[in-house]
Amino acid sequence: MSSPQQTTLSAGDVTFVVVFESAVLDNLDEEQRRAAAWPGGPLLVLAGAGTGKTSTLVARTSWLRGQGMDPGRILLLTFTRRAADEMLSRITAAPGLASATRVRGGTFHAIAHRVIRQHAEAFSLPPRFTVIDPGDVTDLLDVLRGNHGLISTERRTPRAAVCADIYTRCVNTQLPVTDVVRAGFPWCTSFSVQLAEMFRAYVAHKRGHGLVDFDDLLLLWRAALADGAAGPVLRGMFDAVLVDEYQDVNAVQADIVRLLRPDGAGLTCVGDDAQAIYGFRGADPGHLRRLRADFPGLTVVRLSRNYRSRPNVLRLANVIRPQSPGLELELTASRTSGQRPALVRCYDEATQAREICARVLAARESGMDLRDQAVLVRSAHHSDVLEVELSARGIPYVKYGGLRFTEAAHVRDFLAALRVITNPADDIAWFRVLRLHDGIGPVHARRISDALRLTEPAPLARRNEAVAAAPARSREALAATLDRLADAALLAGTAEQAAAVLAAIDGPLRARYADAAARIADLQRLTDAAASRPSLHDALVELALDPPVSASDLAGPPRLDEDYLVISTIHSAKGLEWPVVHLPHLIDGAVPSDMALATPDGLDEERRLFYVAVTRARDQLYLYAPLRLHHHRLARDDRHSLGQITRFLDAAAIAACHPIDATPPPPVIPRSGPLTAQIDAALDTLWSG
DNA sequence: GGTAACTGGGTTTTT
DNA sequence: CCCAGTTACC
């Protein structure tokens, strides 16, 4: 490492710049410094797991600032809100960035929304458009499905959620339905025509009701950037664009990046194609691999020095890391020693749960907090058995990934009621609010919303006609709700409106849910959280794009004295690290998931997922291989030897581990004869006495 | 005709 | 545990 201080003393009239650089680049290694202070563009930083990618990106923004760039003209794009928040807060804290102007940053979707919101009319959207989440998309497609021959008792038809998957895959890969269905949903090939028609109707419906889905946010931003008039203005807002996790961009996002920086000047992409795990939603690491072709002047800087994990963990990581031509990377350790990852063979899932608990408690006995340990699973239900065992032993845990707070029925009811106020044309929201009332099902809900004439101004003014369309026994409750919603719409202030909307549906909620009091308490917290937003629209968009993981999330950060084990899906664990990581279910069908085995691409992604999981561990990694799973009789006899339990643990991977045999299976009780015959004979003596 | 209550089969990952 | 399909009730 060169010494920036010495350079400073001998540098004459460039002293200021060098001093500044030394402050900004001081704590970086050679590779990181080269990336952070790369003078030209376009730049690809190929950053292996745990190599200080975030610090490097933060340093690069500081360095750009030091070169005289206005921070307000630097755009930072990420995939998660968490990543955006973390980076922006570290940028603010970095030296030289105390200025009032701040670096712009956020997720692709959030930035797209910001652009669209400011120029809604230019996008021919009503000013109070609604951003609908994937759950709403599914609800809407479920209604449309009936009109397009996609409900049948004769043949198995794709369900609404599958239709939504296909739709979003088409948009995000920019491939026609037939291709997407053939490649990813082969059992739906005979429905391609119906699906295509339904998608056309779906798009028309969104446009007619002021609805914008997640995919639309990206499409609209891309369209604006490609527009002859708007494009240059939007492009001209930024001098530098930095994209995090570039391996996770989809076709639309890759277009957006190219449109933002057509010649690559000022473009920095950071990513690692071995960590691409979002193919199922249209992301493709091919976009990262093609960057050289997109930008002929591209410089690739590799970050390979790992600051996170012990060498023994990295040895396994390097064995399983998939390499792609021209972008090879091998992690080198900066920390010392450590134990080899343990490969724990377990007889069954219950044994696996006991083994995990035993190791978690042992680590705690040796002074490690529970929160220093994580269990990472491929799919949310893989921790079901473990959760029972943890509860039985009184080990507190928090689970990330899987069901989110905003997917709970009562939360969706409330959000729908809020949306009715912000965008009265939002008929999916109306549908949900109406159906909340006892006696109103799909047919009456349709009739009532027809009576409201949602696409015309002020539907609530026609609420008397709407009540008349309801069945007699529902009229009183419906009239009360509609009156209160109409009043709520007139209020000023986010907090007041949210509280009034909650009061409006209080009655129907209590009638619907047995545990209504607890649910309403949840919603109360939601109104408190929404109150700090400038408008209901903003609160709703934020909730859609970054839904709280649980109701407790809304109550602020957990208390510091609370200690709990973390259970997380591997997807949600991306970018995080723990001293101890437990990785259960390493058996074909679970890791890799049997859902992904149909295509070679799917299997490749599973391998990258495994790589992401392994590289989360700082000190100790435990791999668990249950030899048989409950409903899932995969275990072949040869798996009882340390052969291939999962296809990801080949000979080289196993050699990097320390094999352990867990508690042996329960003994088989020898049978001396048919026991029922014995007791039956004994019982028989009772009847003959 | 329309809704609610019941039952049986199936479950990846998420901005 | 959630959703689709079926049946029973208004």
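Guide: Chain A of this predicted model has a mean pLDDT (the predictor's confidence in each residue, from 0 to 100) of 85, with 89% of its residues at 70 or more. The pLDDT is below 50 over residues 1-20, a stretch with 18 contacts beyond near neighbours in sequence; two residues are in contact if their C-beta atoms, placed from the backbone, lie within 7 Å. Over residues 555-560 the pLDDT is also below 50, and that stretch has one such contact. Residues are numbered from 1 along each chain as its sequence is written, and chains are lettered from A and ligands numbered from 1 in the order in which they are written. Local features need pLDDT of at least 70 and side-chain atom pairs count only at pLDDT 80 or more, while totals for chains, interfaces and linings use all residues.

Chain A is divided into domain 1 (4-114 + 217-303), domain 2 (130-209), domain 3 (337-401 + 563-661) and domain 4 (406-548), with bounds from an automatic or database domain assignment. The centres of domain 2 and domain 4, taken over C-alpha atoms, are 27 Å apart. Between them, ten residues of domain 2 contact 13 residues of domain 4. On the domain 2 side, β4 (130-132) and α7 (134-145) are the elements that give two or more residues; helices (H or I, at least four residues) and strands (E, at least two) are DSSP runs, numbered from the N terminus. Helix α7 gives the most, with four residues. By type, this side of domain 2 has three nonpolar residues (Ala, Val, Leu, Ile, Met, Phe, Trp, Tyr, Cys and Pro), three charged (Asp, Glu, Lys and Arg) and four polar (the others, Gly among them).
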